[in-house]
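Hi everyone, thanks for making time.

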Amino acid sequence: MKFIKKFLWIYDVTDRALISMLKDIKIFSKFDERKLYELSQKFRLKKYDNDTFIVKEWVQYGRIGLLESWELTVTRTYAWKSMNLWKIIKWEIFWEMAYFTQSLPMADIQCTQNCIVWEVDYSDFTEIMQENPEVFEEIKKTLTQRHKDNLQKIELTKMDQQQQLETDEQWNLQTIKINI
């Protein structure tokens, strides 16, 4: 406890804001102050302008994002039609689906206004997952549910839907890949 108190006065305003955000995210909520501080040091702040595509479908990025302000729109193109899948709101993590499936992003993510994003490289995130397997388990559940929700939102013919489901079987819990 003394370590935490001694350490707290060293944080600058940016560190405290990020630590507060991380603490409120379900997957990191059980971390103590020291672990939150160590985690926060792996993130970098990035600002994006309105209408900027932060992620483009099928393009590799090598990082995971945490939205600090405003919101992002997630869209996916299927059969030459762009579909809004969901909104990423303040303090939500994104890019993680590509990370856990070791694949390219399957959707575009665009700023609806100027926004601030905290980003962490895959290598640093892998380190976090290896040190905290309980975080990995929580994310795995979230990703599986999100993928099921996305499939329901995409309007496909029965034949196309069956083909898509067969292709997307990689998303079930047994095949999400990471070396922990």
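Let me start with a cysteine: Cys-111 has a relative accessibility of 2%, so it counts as buried. By buried I mean under 20% relative accessible area, while exposed is over 50% and partly exposed lies in between, with a 1.4 Å probe and protein chains only. Cys-115 is buried too, again with a relative accessible area of 2%.

Before going on, a word on what we're looking at. This is a predicted model, where local features need pLDDT of at least 70 and side-chain atom pairs count only at pLDDT 80 or more, while totals for chains, interfaces and linings use all residues. Residues are numbered from 1 along each chain as its sequence is written, and side-chain values use heavy atoms, with hydrogens and water left out.

Now the big picture. The protein has seven helices and eight strands; those are DSSP runs numbered from the N terminus, H or I over at least four residues for helices, and E over at least two for strands. Of its 180 residues, 44% count as buried. If you take contacts, meaning heavy atoms within 4.5 Å, between residues at least 6 apart in sequence, 74% of them join residues at least 24 apart.

Five of its seven residues are buried, so β4 is largely enclosed by the rest of the structure. Seven antiparallel bridges link β4 to β5 (residues 81-88), and Arg-76 has Met-83 as its bridge partner in β5. With β7 (residues 108-111), β4 pairs antiparallel over four bridges. Here our cysteine comes back: Cys-111 in β7 is the bridge partner of Leu-72.

The other open sheet I want to show also has four strands, in the order β1-β8-β3-β6, with antiparallel pairing. At its edges stand β1 (44-48) and β6 (93-94), each with a single partner strand, so one side of each is left without a neighbour in the sheet. β1 and β8 (residues 115-121) run antiparallel and are joined by five bridges, and Leu-45 has Trp-118 as its bridge partner in β8.

Last stop, helix α5. Which residues of α5 (residues 122-131) are buried? They are Tyr-122, Phe-125, Ile-128 and Met-129. These four sit on the same side of α5, because they cover an arc of only 115° around the axis, the arc being that of the directions from the helix axis to the C-beta atoms. An α-helix has 3.6 residues a turn, so residues three or four places apart point the same way.

Methods
Pairing = 2+ DSSP bridges.
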